[in-house]
Amino acid sequence: MSAPYAKLPAWADYGLIPLINLTVAFIVAGLVVLLVGENPLRAAVILVDGALGRGQAIAYTLYYATSFIFTGLAVAVAFHCSLFNIGGEGQAYVGGLGVALACLAFDRVFPWWLTFPIAIAGAAVFGAAWALIPAYLQARRGSHIVITTIMFNFIAASLMVYLLVNVLKPPTLQAPSTRTFLEGGQLPKLNFMIEAMGLSVRSSPFNVSFLLALLAAFLVWVLIWRTRLGYEIRTRGHSPKAARYAGIGEARIIIVTMLISGALAGMMALNPVMGDQNRLQIDFVTGAGFVGIAVALMGRSHPAGIVPAAILFGMLYQGGAELAFEMPGISRDMIVIIQGLVILFAGALEHMFRPSLQTLFATVRPASVGAKAERAGGV
Amino acid sequence: MQLFDTLVFLLDSTVRLSVPLLLAALAGLYSERSGVFDIGLEGKMLAGAFAAGAAAAVTGSAWVGLIAAVAISLLLSLVHGFASITHRGNQIVSGVAINFIAAGSTIILGQAWFSQGGRTPLLSDDARLGAIRLPFAEAVADVPIIGQIYSDLLSGHSILAYVAFLMVPFTWWVLFRTRFGLRLRAVGENPAAVDTAGISVAWLRYRAVMCTGILTGLAGTYLALSQNAGFVKDMTAGRGFIALAALIFAKWRPVPVMFACLLFGFLDAFSIRIQGTPLPFIGQVPVQFMQALPYILTVVLLAGFIGQAIPPRAGGVPYVKER
Amino acid sequence: MAHAAIELKGIDKSFGSVHANRNISLTIPAGTIHGIIGENGAGKSTLMSILYGFYQADRGEIFVKGERAAILSSSDAIARGIGMVHQHFMLVHNFTVLENVILGAEGEPLLKTSIAKARSELNRLERDYGLEVDPDAIIEDLPVGLQQRVEILKALYRGAEILILDEPTGVLTPAEADHLFRILLQLKKEGKTIVLITHKLREIMAVTDNVSVMRQGALVATRKTAETTVEELAELMVGRRVLLRVEKSPVSAGDVLLSVRNLTVRDSRGVTMVDGVSFDVRAGEIVGIAGVAGNGQTELLETITGIREAASGSVFLAGRPVAVTGGADPADLRERGMAHVPEDRHHMGLVLPFEENENAILGYHRQKKYLKGPFLDIDAIRQDAREKIEKYDIRPADCRLKTANFSGGNQQKIVLSREMEQDPDVLIVGQPTRGVDVGAIEFIHRRLVEMRDKGKAVLLVSVELDEIRSLSDRILVMFSGRIVGERGPDATEGELGLLMAGVEGKEAAA
């Protein structure tokens, strides 16, 4: 208890501790690889090569990353208001409906760049709508938003299957999905960007929604740190008491934050539905909503952290697919483990190494650390 | 008689489908009653199912499978305890993490060890926990109604089904009639009261999450060794969350938990049974609606429209001595 | 007499930079009622928590009945026959009385026999000490007085010979308190030793044999109750501090700017915290509300400023009503010229993880000068913050620094600068110098007087009597949710101390 104690410098707080947590997560993942009977180092090399080695691979990596940026931002915005939105998966799924309806309605008449804004609005509105009920119940009736958003993920899954099977599926199709969108409902690919760097891409789903994701990341930064609304969100997130003192209505801020979060999750659907598959089909989200949790935790809820974290997970997805070829023992589900480990060590066990690190800092340079803290705090 | 046969059949599958829910929901009850929220029931159950399937396949013994399931599930519950009790981490985050770790590693290890696309090898009947015929079940089978209920509905389930239903009164007894139960309930409501009474809050909560681990292990075992003949990729399919919903629906009380699980099990059995057939007065009910009904009911309950579901007061909050 | 029941030698305890107990030595003879009195934050509760094993002392020794005792946890304390009734009851709200009593002292794994045993034991205790309570009642259905009785029963059931009560009457009505004292005297007669922690002098005089006074973490005196007076204790408790007199011109009060009428506030449990309070604050005067913490001041401030809802009553700001019974919006009140320096600087007045400049607009973040449309005008905000830093001499002079990294005094200056620079008509100030160093105290006091001289109405709540006396033009004393007296600035400490302790003077009526 009375062990030497020091306040950590900012670089240790924001750099070293997350790095340690992440390293531990990957070391444990390496142990799983060992358990499978493969060499973790070789696996890492194959994975990185598989994700970044060729233009084609990079395109796929960025395609996956696009989805994770959206869902990571969705989780992060809610975190800033100290809300845990586990419902990204369901919100993205329902967001897909918004995208599909826009495309089905306009793909015959509009070029893609006219359909796109309508689809964006559709995705955002449908995603936000799916977040609205849990948000309202939390704000007005105190129902735990974690539980309600989990329930809404399952309800979304049932609803979407019902709609796809009974309403949206054209009678001519066997599989439950909408018809394929015409050109007016297809986003152009961005492969040329990678080709411009002298790499070749045969074909990839890497599309314009990546740029939208980057724009969304920037806008989230603006929202959180540069607008009045963001200021109010952060105030309530850090201290509900201070928010009440400042006259920030709690119910309103919870609902608004969740609507934004749901809209961002919903926009994830643009990437696979309009950018790649060009139709709405069952289970197109494939866990991206949950990856968002890991991405947000790893990126410490800051867009500047979320984008690289999303790209890292994109690498894991793409590299993991390659890895499955090279090492038959390992499939892409390895990523799910890594995702879990990142959530565990960067989230739930976030502070595990802090006390020992503080002790270490205090013993290594007790005078300097103490003096610095003193100076910062002294009158 | 046709209707009666259908009814018995329906209730029989209700029971079968309720068992894993019941074991998992009772598991969650121990943890949550002690103030540790657990949304990782799904993951622990899944890991347990895999361990049971794998160990039973390798050794040919259902009992070794059961022990392996409980051991793995217990380990994961201790990870949850380590994060949320010892390190006072976020219990939701920890539960989410455990779900993913279980989902990923069961597939990876299953593929690596058995190379059957994430399945464990099909088990022979000896390596399963199969149906138990209750005494005289054959003899009375022809007695109308009572005999049929006895031989078809009550008899012929896995040992774990009987264990699950016996766990209901047992859990009630533990919770309300033993010292451990008294302290467990107390620590979930007001850990400071337990602390000032000279009892270790951490150790008490660790014991609670260990109970959770054991029971989710049994739930997983039932899935892999009784309901199926081996582990199948993602075989829990959201049952951990339905169990969680049942637990909330039952307001964290053992006997209502049983009824909630039977209700959700019945909805499941019913939706399988009526697929495609229209109901009188209502018409065709989409199967998806039936599947979503447990979740919808839970949300309605949480919203406070049909009574209030008040969780244990200290739930979700790590215990820190106040300064 | 054999050994003292308790002997503390050189107990010392710090929490971070707060020195809660300074080298405390104390002997409590067996079979007596020993009072420990002191202001809030004097270290009474910490000392008793150390004795009960909730915290460990950094230094010092504890002897129980003459034996050196290492009390590392509550169970050690219980084993040594020490029981404690905490200020916030340590009861499980949805358990029965019986279940609460046996918790931790069940004896055996099955409850059946232990409950039966507890029932008869409880019957005996009830008879012996007059502690009647229905053993099968659910705690949350019982009034607080009975809940406290359950706490006492809990301690006695565990065989406590030494009973510590921490502010036991804080939640009791006078009649309930009298009943409690009868119980305590009965317990004493049975040979128990009782330690009574309180800040109310009346109680000390009523039941104790000896009394120790604590001030700022130190034990400053121990007296036989029969040989001391209320006046002496009040003075010891408050201390003869160097009076930081602030130069003030004579008061020239103008119109009534803040008017409070029959305000009644209840907390979430329905306990009345503010009880029919009425007063006015005029332009150009400072009205101080003196009182020991926890007598309703917090609730009063939060209600006036629109953070909390009143049960009944009304508040007028410059003649116009404030919707205190529902619908009041703190932001709206700010616009109408009411500024608020809250008591709880850390959780309410500031968002500690924010940068300094972000806190400098908290509550005023909707003003046009800080915004460009929906966006924050970062340059304007930072420029504004830098000006305040300069004007209020906030150090370090870095508006980008995290607020948590400023000292208490500088944090308070951040709040003050924000609220005062808005040029409000009414300034509501709670505990302006709590946890603030001496240099900053002077500065803050000067600023408050400046506001008054500019013709603002200032309402000051403080538990520091010095502060109240040196700043106020009129002093209201709050006790148990009510205004129990009004005095001029020349009131003596003793006089105010008595009012604060609930001893009503002859001329106490306001």
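Me: Which strands does helix H1 of chain C lie across?
Reply: This is a predicted model, and in it helix H1 (residues 44-51) of chain C lies across S1, S2 and strand S4 (59-64) of chain C. Helix H1 of chain C runs at about 115° to S1(C).

Me: And in what order do the strands of that open sheet in chain C come?
Reply: The order is S2-S1-S4-S5 (chain C), with antiparallel pairing. Strand S2 (18-29) and strand S5 (67-69) of chain C are the edge strands, each pairing on one side only. On average, neighbouring strands of this sheet are turned by 25° against each other, direction ignored.

Me: How many bridges join S1 to S2 in chain C?
Reply: There are 8 bridges between strand S1 (residues 4-15) of chain C and S2(C), and the two run antiparallel. Across that pair, C:Ile6 stands opposite C:Ile28 in S2(C).

Me: Zooming out, how many helices and strands does chain C have?
Reply: Chain C comes to 17 helices and 22 strands. Its radius of gyration is 25 Å, close to the 24 Å that the globule rule gives for 510 residues, so chain C is as compact as a globular protein of that length. Buried residues make up 50% of the 510 residues in chain C.

Me: New topic: how many residues of chain A are in contact with chain B?
Reply: 41 residues of chain A are in contact with 37 residues of chain B. On the chain A side, the largest share, 12 residues, comes from H6(A).

Me: What kinds of residues are on that side of chain A?
Reply: They divide into 26 nonpolar, 12 polar and 3 charged.

Definitions and conventions. Residues numbered from 1 in each chain as written. Chains lettered and ligands numbered in written order. Predicted model: local features only at pLDDT ≥ 70, side-chain atom pairs only at ≥ 80, totals over all residues. Contact = placed C-beta atoms within 7 Å. Helix = DSSP H or I, 4+ residues; strand = E, 2+ residues; numbered from the N terminus. Nonpolar A, V, L, I, M, F, W, Y, C, P; charged D, E, K, R; others polar. Rg over C-alpha atoms; globule rule 2.2 N^0.38 Å. Buried ≥ 20, exposed ≤ 12 C-beta atoms within 10 Å, placed from the backbone. Pairing = 2+ DSSP bridges. Axes fitted to C-alpha atoms, helices over the stretch in contact; angles between N-to-C directions.
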